[in-house]
Amino acid sequence: MRAACVIGWPIKHSRSPLIHGHWIKQHRLDAAYRGEEVKPEAFADFIARLADRGYVGANITLPHKEAALELSEPDDRARAIGAANTLWLDGGHLHSTNTDVEGFTANLDASVPGWDSRPDEAVVLGAGGSARAVVYGLIERGFGRVHVVNRSLDRAEALRQRFGAAVQPARWTAVPHLLERTALLVNTTSLGMAGQPPLRIDLGPLQQDTVVADLVYVPLQTPLLTAARTRGLRTADGLGMLLHQAVRGFLLWFGVRPEVTPQLRALVEADLQT
Ligand code: NDP
């Protein structure tokens with residue numbers, strides 16, 4: 001039996017066992033996927049003995065993504081982003097990548113086809129861990145200017161240092177003006193998430209063909225997405241990204257490319273409501 005896991009601290013909230021468990025059952029594989037709660041001080045030892053524990057690979061979640069990068073052989077993408085969320089063993093080597101980038105872009109491809117047909121400008125709200133993957137993905141898809149709006153401007157500036165001059169750091173006060181010409185608006189802050197302050201933003205200046213994406217998926221229908229839909233704009237939600245980012249790990253560990261289906265979405269959506 002091949003087995004993989006998701007490693008985090010805490011791990012209870014992770015939907016990865018539900019997603020991978022669904023695919024294992026759907027493809028009738030002799031495989032397992034478990035959640036592993038590992039404290040930061042025990043992480044290095046845990047992944048050094050991944051094979052002894054019976055695992056062929058793992059997903060990595062908070063707070064271990066940077067440590068995972070350090071302790072593995074990262075691909076260009078993980079190295080550029082500075083964090084790894086997927087590990088796999090191959091010939092005794094522990095490899096890593098970051099699948100949040102393709103999770104973000106594949107979700108947009110599926111939910112809003114043609115979203116990158118006007119890749120001049122994008123506005124990204126937030127400059128944390130998830131913003132790094134989003135900005136990388138946007139530059140990869142040809143966006144010429146990515147305005148990164150953040151409360152702490154130095155974090156937005158760090159993204160410019162990391163990814164180059166396409167990144168334009170900006171303050172929240174600049175948002176109304178930036179919205180007038182952007183093709184895409186993405187929320188990567190935790191604003192709007194259950195238990196966090198709301199994201200207060202007037203979508204009035206957006207053009208009618210602007211796409212709005214939110215990475216927050218609890219709640220699934222965020223006030224930002226509701227406001228965008230009410231205005232008739234096309235949207236992509238955070239659950240889609242979560243599901244699409246899981247695809248490559250499953251392929252690497254179990255040799256089957258799984259699909260993000262409406263059935264899987266419904267399963268995770270129901271779980272998010274419990
Ligand atoms: P980080 O903690 O790394 O970054 C949080 C960001 O939110 C920072 O830019 C921070 O600004 C900003 N922020 C937080 N509170 C406030 C506030 N009160 N006012 C203004 N800005 C604020 O988090 P992540 O990037 O890891 O995650 C962000 C969100 O994305 C979470 O809701 C997470 O669940 C979701 N996510 C979803 C994924 C998916 O697959 N759908 C994948 C990864 C994340 P500052 O720097 O100034 O503190």
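A pocket is found on a 1 Å grid over the protein atoms alone: it is an open set of points with protein on both sides within 12 Å along at least five of seven lines. A molecule sits in a pocket if more than half of its atoms lie within 2 Å of its grid points. Here, the ligand takes up the space of the largest pocket.

This is a predicted model: local features need pLDDT of at least 70, side-chain atom pairs count only at pLDDT 80 or more, and totals for chains, interfaces and linings use all residues. Residues are numbered from 1 along each chain as its sequence is written, and side-chain values use heavy atoms, with hydrogens and water left out.

**Ligand site**

The ligand is surrounded by 20 residues, each with a heavy atom within 4 Å of it. The closest are S130, N150, R151, S152 and R155. Two elements give two or more residues to this shell: α6 (129-140) and α10 (238-245). Helices (H or I, at least four residues) and strands (E, at least two) are DSSP runs, numbered from the N terminus. α10 gives the most, with three residues.

By class, the shell has eight nonpolar, ten polar and two charged residues. Nonpolar means Ala, Val, Leu, Ile, Met, Phe, Trp, Tyr, Cys and Pro; charged means Asp, Glu, Lys and Arg; the others, Gly among them, count as polar.

Polar contacts (pairs of N or O atoms within 3.5 Å) are listed here.

| Residue | Protein atom | Ligand atom | Distance |
|---|---|---|---|
| G129 | backbone N or O | oxygen | 2.9 Å |
| R151 | polar side-chain atom | oxygen | 2.7 Å |
| G238 | polar backbone atom | nitrogen | 2.8 Å |

On its own, the ligand has 920 Å² of accessible area, and the protein covers 77% of it. Areas come from the Shrake-Rupley method with a 1.4 Å probe.

**Aromatic pairs**

The structure holds seven aromatic pairs. Rings of Phe, Tyr and Trp (its six-membered ring) pair if their centres lie within 6.5 Å; planes over 60 degrees apart count as edge-to-face. The W23 and F250 rings have centres 5.5 Å apart and planes at 70°, so this pair is edge-to-face. W23 is in helix α1 (residues 16-26) and F250 in helix α11 (residues 247-254), so distant parts of the chain, 227 residues apart, are linked.

**Backbone**

Most residues other than glycine have a negative phi, and most peptide bonds are trans. W9 and P10 are joined by a cis peptide bond, with omega about 5°. P10 is in the loop between β1 (2-8) and α1. Another cis bond joins V218 and P219, with omega about 5°. P219 is in the loop between β11 (211-214) and α9 (223-230). R28 has a positive phi, near 50°. R28 lies in the loop between α1 and β2 (31-37).

Methods:
Polar contact = N/O pair within 3.5 Å; in protein donor to acceptor, adjacent residues only side chain to side chain. 1 Å grid on protein atoms, 1.4 Å probe; cavity = no way out; pocket = protein on both sides within 12 Å on 5 of 7 lines; lining within 4 Å. Phe/Tyr/Trp six-rings, centres within 6.5 Å; stacked < 30°, edge-to-face > 60°.
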